[in-house]
Amino acid sequence: MTFHHPQNPRLNPIAPKAVRVLIVLAGLGVAAISQAQSVADLPDADPFALFSLPAPWQDEFWSDPDVEALLALEPQAVADLVPSQAGFYFVRCPACEAQETGETFSWSVRSPELLTCRNCEASFPNDTIPTKVNNAIPSQAVEVLKGVTHQYPYHLVEGNRARYPQERIYLDAKRDDLARTFLARFALYAAIRHRDAIPEDRDPKVATLAAVILLRFAQVYPEYAVHFDHPSQPKFFQPANLKPPYREEFRSAKWDRSGALNVPMNLVIAYAILRDDPAIGEAGTLLGEPEPRRVIEEEFFRASAQFLLGHPDPHDEQSLYAARGLLAVGHLLDDPKLRSAGLRTLDALARRGFYHDGHWKSVDPEAHRRVLGLIDGWFQGFVPELDTVGGGLTARAPTVVTGSDPIALAESPEVDRPGASLAALIPLARKAGDAAIVDPAVEQVQQVSWPAMSIREPTRAPTLLGGAGLARLSTGEGDSAIDLELRGFSDYGEARYDRLGMRLAFGGRTVLGDLDDYGPTTSGWERSSAAHNLVILNGLNQRESPAEARRPAPGSNILFFAAESDLQVVTMSDPRAYPASSTRYRHTLAVVHDAQVRFAVGVFEVHGGHQHDALYHAPPNSSAYWRTIQPLEPGPQTLLPSSIVYVPNARVEDGRWFLQAFGAFSELQNGQIEGPTFAELHGPSGPLIRLHLLNRGEATLYTGHAPDLSEEDRGVLILRKSSHEPEALKSTFVTLYEPPDRSGIRRVGRVESPEGTILIVLETVTGTEFLLFNTSPGTPQSVRFTDGTVLNTDGLLVRVRSEGITLVGGTFVSYEGIRVEQERVEGRIRKVVRAPGSGGLGWFETEGLIADPERLAGRTLIISHGGDVARAWTIDHAENGPERRGRIVVREEPGFLLQSETDEANYYQFPNVTVKGPHRFIVPRIARSDRLK
């Protein structure tokens with residue numbers, strides 16, 4: 001293994017020890033880069049010249065007993081260690097229950113015929129394994145080339161122990177895989193050591209051994225069988241010279257377990273260092289190869305890159321590895337065709353792998369950060385359109401192109417210069433990477449990469465990812481900071497069940513969190529909706545049924561987003577979370593933060609079904625528990641209905657978590673409540689957060705424990721509303737989230753108000769203030785306050801205090817002789833232009849003039865397609881032009897183009913879907929009055 005292959009962390013967890021192994025094997029990380037600030041600083045702009053290895057890594061490597069043993073061997077003996085056959089990465093131990101991962105076994109130069117299981121410490125072969133059949137170890141014969149047959153011995157697993165039909169364990173192939181990995185790594189370290197040593201202190205044997213390993217791999221690579229190597233699936237062999245088409249998703253492999261990793265990067269780098277060294281010629285003499293450079297370059301590196309070209313491009317993380325290989329070999333061999341193929345792969349990835357807001361298509365923040373790190377780390381030297389500026393990549397603007405056919409636009413070479421599509425996405429992708437809240441308790445294991453980007457501190461700021469569907473409200477600094485995240489992700493890629501889930505952090509510390517960043521559990525429970533901070537209908541996982549969950553669906557509709565320093569608000573609605581049961585599933589969140597008070601408020605509206613459960617989870621790896629003012633008594637053994645049996649040891653592959661998630665709650669206590677109540681989450685050092693549950697009507701309050709990755713489960717608070725009436729239940733969960741200290745709040749209450757409104761009264765250090773939510777924004781409401789005064793508004797939210805009135809959304813608010821108005825900025829989109837430059841990456845032309853265009857810079861543009869799907873962009877500037885048309889220039893990719901004949905919007909960015917019109921827009925805003933009298 002030369003590089004850690006991108007695995008879904010939910011499916012292939014890596015233990016800390018294993019992570020260390022991966023980093024050392026790859027040997028390519030942030031610390032592995034010289035002090036040059038950019039490729040342009042280096043002679044001839046050679047990206048390979050950037051490569052270096054940190055001294056601690058080298059010291060550890062050269063002190064390894066296996067390395068010492070290898071150095072003691074003669075060059076021919078080292079050449080004999082190079083496997084002449086392809087190996088397998090995913091092989092499980094036949095003697096224990098360890099999973100089939102690449103880190104199951106260890107191998108040593110000192111005992112090259114043996115494999116040792118890291119889990120049970122058994123060594124193979126032994127007296128019983130591999131098991132003989134008819135007094136012989138069974139072997140599979142594979143004709144790799146005409147007249148050339150390779151033998152693959154295997155251990156045949158007994159029927160009742162097999163994990164899939166006719167399971168075969170290829171121990172020899174795993175040994176070959178580990179030997180290949182170690183020797184390729186040795187060649188890299190040896191080349192670096194030879195290059196960096198003072199000439200008179202160089203040990204010529206070090207370079208000779210590296211060259212021998214390089215050439216011997218080049219000699220045997222043409223006979224490596226094309227193979228299928230995936231965990232928990234049968235292994236397959238095919239001829240070494242197999243012609244395309246290959247399996248999708250790079251599942252046809254030759255050098256490594258994935259076709260995307262077919263270019264052996266450790267050896268490419270080693271050869272780039274040693275290409276002009278006499279050691280290459282010496283290796284040719286030792287191995288009887290008269291043209292060693294030609295064999296290495298043409299029969300190994302060029303052939304390994306050409307193999308990549310036969311694979312369908314899935315436009316996923318693996319595509320980055322493939323592009324890296326094409327560009328590296330193209331640069332090494334000065335081959336413009338390979339370089340062009342690598343750039344085309346990257347440009348296609350920019351369109352089909354990222355939303356228009358720059359977020360990676362999996363809508364997994366961890367995967368997004370990993371992908372961004374790979375791009376920043378690998379392609380500075382290989383992609384001319386990327387410049388290193390201020391420690392990061394910036395884009396040179398692509399060619400301005402307009403048009404109406406997104407397919408032609410995506411494929412046309414005239415659209416962008418090679419690499420420009422990726423370059424345009426990089427700044428957006430970096431901003432998107434800062435949007436998700438990352439729990440500081442999570443141990444961040446960075447994906448190793450080369451060349452590596454400079455360390456960059458993330459930027460805290462209110463952010464809306466209008467394509468992927470993530471909103472971050474962020475205000476304050478230091479201990480007074482509030483960061484709140486609302487997720488409305490789609491499931492075009494991996495299915496997700498955390499729609500409208502939220503996370504909350506006070507002072508940089510997560511107080512309401514999820515397990516997403518911590519890796520998977522064995523049961524898969526963290527995938528369920530019950531593992532997140534949201535509302536569940538009828539005890540069902542979101543998407544309601546496994547059949548519905550298999551259908552890709554857009555994310556939540558973005559209805560409102562506006563952020564100023566003291567007040568930030570977002571609203572998302574998701575008709576696809578419970579498509580059969582709900583008629584409304586909508587979450588509005590607001591953060592208030594000024595010199596006197598700081599808190600957050602959530603209004604979660606749920607219509608449909610007969611049981612609604614609002615869940616509030618303590619942060620992962622926390623011993624925090626919930627305290628309530630409501631007396632509680634021992635609760636039920638399970639929250640599952642009697643028709644479902646909880647199976648605690650169900651495996652993630654079984655998918656039972658989808659049905660039995662509520663069975664994972666334990667140590668339940670419960671109590672009946674009527675109206676508002678109060679709860680605190682307590683940690684070892686005191687309260688983390690106070691919840692003011694400002695709800696009407698009867699409900700059941702539960703506290704208990706939920707599964708966690710630590711030995712102790714984490715605390716969970718559940719508020720359940722249920723109804724036995726035939727009519728569908730309508731609930732509005734109103735929650736005020738108060739920091740445990742310096743909130744400025746003395747008392748909080750909810751008072752009666754007309755249907756469709758929520759009136760909250762707060763007594764603060766500066767007096768009384770009111771928050772009024774309108775659940776039907778745009779509809780005028782009249783509300784009488786506790787002091788007898790009356791407020792009228794059609795806004796989404798109004799804040800009233802002595803300092804003045806703040807109107808969020810809508811067009812007006814009137815109160816005590818004061819009237820605040822703001823013109824509605826809305827209309828219809830008639831044309832979309834992809835035109836990078838002038839402050840943005842494109843613009844939208846409107847039907848009619850835009851109201852108040854000079855005040856729209858920096859605000860959010862929300863476009864709804866057919867009244868069903870709503871997405872958002874950030875406005876750079878807006879202007880009115882001739883013929884009563886307006887132009888709204890946006891900072892992100894427009895993402896779609898309009899078909900004039902059908903009025904359909906075709907997204908050229910991921911998810912590459914077509915949506916119907918009409919295409920209407922609105923710009924949410926906030927308006928203010930002066931101080932009240």
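Student: Which strand is His 692 found in?
Tutor: His 692 sits in strand β27, residues 686-693; strands here are DSSP E runs of at least two residues, and helices are H or I runs of at least four, both numbered from the N terminus. Bear in mind that this is a predicted model, where local features need pLDDT of at least 70, side-chain atom pairs count only at pLDDT 80 or more, and totals for chains, interfaces and linings use all residues. Residues are numbered from 1 along each chain as its sequence is written, and side-chain values use heavy atoms, leaving out hydrogens and water.

Student: Is His 692 buried or exposed?
Tutor: Buried, because its relative accessible area is 11% (buried is under 20%, exposed over 50%, partly exposed in between, with a 1.4 Å probe and protein chains only).

Student: What is His 692 in contact with?
Tutor: Leaving aside neighbours within four places in sequence, its contacts include Phe 678, Val 734 and Glu 738 (contact means heavy atoms within 4.5 Å).

Student: Switching topic, which residues of α6 meet α7?
Tutor: Ala 207, Ala 210, Ala 211, Leu 214 and Phe 217 in α6 meet Leu 267, Ala 270, Tyr 271 and Leu 274 in α7.
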